[in-house]
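Subject: Structure handover

Hello,

I am passing on the structure below.

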Amino acid sequence: MTDFQVIGAGLGRTGTFSMKQALEDLGFNPCHHMWETFIHPERKHKLLFNSILQNKDPEEALKAIFGGYKAAVDYPGCLFYEEFMKMNPEAKVVLTVRDSPAAWVKSVENTIFSVHAATNWFSWKLQRMIFAIVMPDHIPVIFEIMASKEKHGVSPVDPKTDLAQLYTDWINRVKETVPAEKLLIFNVKEGWKPLCDF
């Protein structure tokens, strides 16, 4: 079991870093965010995410990655919101959203999924090579988990992927799988009140 009181189901680039800071200010400290995987190499992320990808005791791997946190937002945590709900049945779920699918696509193509926006094969291949060199070794494994049929079902860095559809499908999936009384759909532009009331 993890100690989650709040589970973030919103995809990366939906205000998740602001959400992390807000949750920590509200006492859900520490809150997991992708950034944690960069600053805590002692957690052996590549090994553990490979265990999840290969379905080798994934629950234990999740506990090793996320143990000690009171909340999780952003990738990679959002990918496991359903698992976290089973492990933490009393936790509430916050689905952070952007103003529109198009706004989310614009944001991710300029940041975390910039490879997706490559304009030709050479550009795409070059960006993939640079990505492989500069990124920590656990990031490609997280991308494989994203692409698995249990999660997104498509690769977010494949130029053929319809990212707006990926975003829309994810929002709908969360709405369908989280009981309404445990779910807050939240745009960080709304400010503190909806979060505090929830």
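Predicted model: local features only at pLDDT ≥ 70, side-chain atom pairs only at ≥ 80, totals over all residues.

Proline 30 lies in the loop between α1 and β2 (31-32); helices (H or I, at least four residues) and strands (E, at least two) are DSSP runs, numbered from the N terminus.

Residues are numbered from 1 along each chain as its sequence is written, and side-chain values use heavy atoms, with hydrogens and water left out.

Another cis peptide bond joins tyrosine 75 and proline 76, with omega about -5°. Proline 76 is in the loop between β3 (71-72) and α5. Aspartate 74 is also placed in the loop between β3 and α5. Its phi is positive, about 75°, although aspartate 74 is not a glycine. At 7% relative accessibility, aspartate 74 counts as buried (buried means under 20% relative accessible area, exposed over 50%, partly exposed in between, with a 1.4 Å probe and protein chains only).

Asparagine 55, in the loop between α3 and α4, has a positive phi too, near 55°. Asparagine 55 is exposed, with a relative accessible area of 58%.

On a 1 Å grid over the protein atoms alone, a cavity is a set of points where a 1.4 Å probe fits but cannot get out, and a pocket is an open set with protein on both sides within 12 Å along at least five of seven lines; lining residues have an atom within 4 Å of a point. Points are joined across faces, edges and corners, and a volume is the space filled by probe spheres set on the points.

The structure has 1 cavity of 30 Å³ or more. The largest cavity holds about 40 Å³ of space. Its lining includes Val6, Met19, Asp74 and Thr96. Two or more lining residues come from each of β1 (6-8), α1 (16-25) and β4 (92-96), and α1 has the largest share, 3 residues.

The second largest pocket has a volume of about 290 Å³. Of the 15 residues lining this pocket, Ile52, Asn55, Pro58, Glu83 and Lys151 are the closest to its centre. At least two lining residues each come from α3 (45-53), α4 (58-66) and α5 (81-87), and α5 gives the most, with 4 residues.

Regards
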